[in-house]
Amino acid sequence: EATLGGREDAVLAAIANFAPLVLACAEASPACLPRTLILAGLADAAAYSSLDQALWDLEAQRLGIPIFDALGAPQRKRIPLYANINRRTLDRSPEGFAASARDALAAGYDAIKIAPFDEARMDVPAIAPGMARIEAVRVAIGSTCRLMVDCHWRLNEKTAAAVIEAAAEYRPYWIECPLPETMDNLPALRRLRLLANRHEIRLAGCEENVRREGFAPFLNAGVYDAMMPDAKYAGGLREMLDLSNVFARSGVEFSPHNPSGPICHAASLHVCACALNLSALEVQFDESSWFTRLQASPLAPAVGGTAALPTKPGLGTSLDRTTLEECTTMRWSAPCP
């Protein structure tokens, strides 16, 4: 999956730049892409990561094994998931969020993520509507279901601290991406983590970071309890596993970011199978029929909030070309079916 919302042309240009490295290889292998290749930005990272996914898929198909067997010994047969209900919640009222949460609970999920702060901006501390959504979801899912709250980098330190204090009553498992993830904000993020931890709340983030060097400043500053590398951007599947090990040594949870399409989901399942340090894998919940329809070889659906590993060689799935063509020619101004 080579997606980067609104920057597709830049990703395609980066793929064109990297393609000669792949085409020059006698045999398709992840080794065709040097892990030392300079990635100048997120478009480069998305291109590199997508080619890495494709090369692992080809190599594992050639060997006749799933990618997780090519990556190393799997540590688990089922992958724990949490349901991101944000984008499927078109009714943004507290009742609309609660209804989505109940649907995810009925589908077997015991961990749910929302992004409730639609009205908030860095200079607009409008958190009351978001807090009402958090309260409604907590009431809907009960006391034992984990609740993750994503702030989408919308807050400043003062507002984020107010969110943590107010949200403590509703026992969120974590608060995610409260501030823009800049070097200048590292001290503030550290203070927010200490505040959250006093309320038995985790702080989470780093979903767009690239390679170990991109995560290192945040690890060294001790700003997060959980980090969320994304298979679309992190710099390859082996890099994801290396990050899991690095996180484990720092006492940080490995919880991949994955509100994505079926190819990234499949790649993430393989990584999570082999990771020694796994909390849970994000998955988009019931956003549209495209997620299932695009799969020529269907992945196992989630059952009881977990997913079985793909069993076929390679990724274990591929895209249905007829459905893909329908996607590329439809008018996307209309709601997804």
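**Exercises on two helix pairs**

**Exercise 1.** Identify which residues of α6 meet which residues of α7, and then describe how the two helices pack.

*Solution.* On the α6 side E157, A160, A161, I164 and E165 take part, and they meet A188, R191, L192, L195 and A196 of α7, where contact means heavy atoms within 4.5 Å. Sorting the residues of this contact gives 7 nonpolar, no polar and 3 charged (Ala, Val, Leu, Ile, Met, Phe, Trp, Tyr, Cys and Pro count as nonpolar, Asp, Glu, Lys and Arg as charged, the others, Gly among them, as polar).

The model is predicted, with local features needing pLDDT of at least 70 and side-chain atom pairs pLDDT 80 or more, whereas totals for chains, interfaces and linings use all residues. Residues are numbered from 1 along each chain as its sequence is written, and side-chain values use heavy atoms, without hydrogens and water.

Next comes the geometry: α6 (residues 157–167) and α7 (residues 186–198) pack at about 10 degrees, with their axes 10 Å apart. Helix α6 is therefore roughly parallel to α7 (under 35 degrees). Their crossing is right-handed, the near helix being turned clockwise from the far one by less than a right angle.

**Exercise 2.** Work out how α1 and α2 cross, and which residues make the contact.

*Solution.* The crossing of α1 and α2 is right-handed. Helix α1 contributes A10, V11, A14, I15, F18 and V22, while α2 contributes A43, D44, A46, A47, Y48, S50, L51 and L55. These residues divide into 12 nonpolar, 1 polar and 1 charged.

Terms used. Axes fitted to C-alpha atoms, helices over the stretch in contact; angles between N-to-C directions. Helix = DSSP H or I, 4+ residues; strand = E, 2+ residues; numbered from the N terminus. Parallel < 35°, antiparallel > 145°, perpendicular 65-115°, else oblique.
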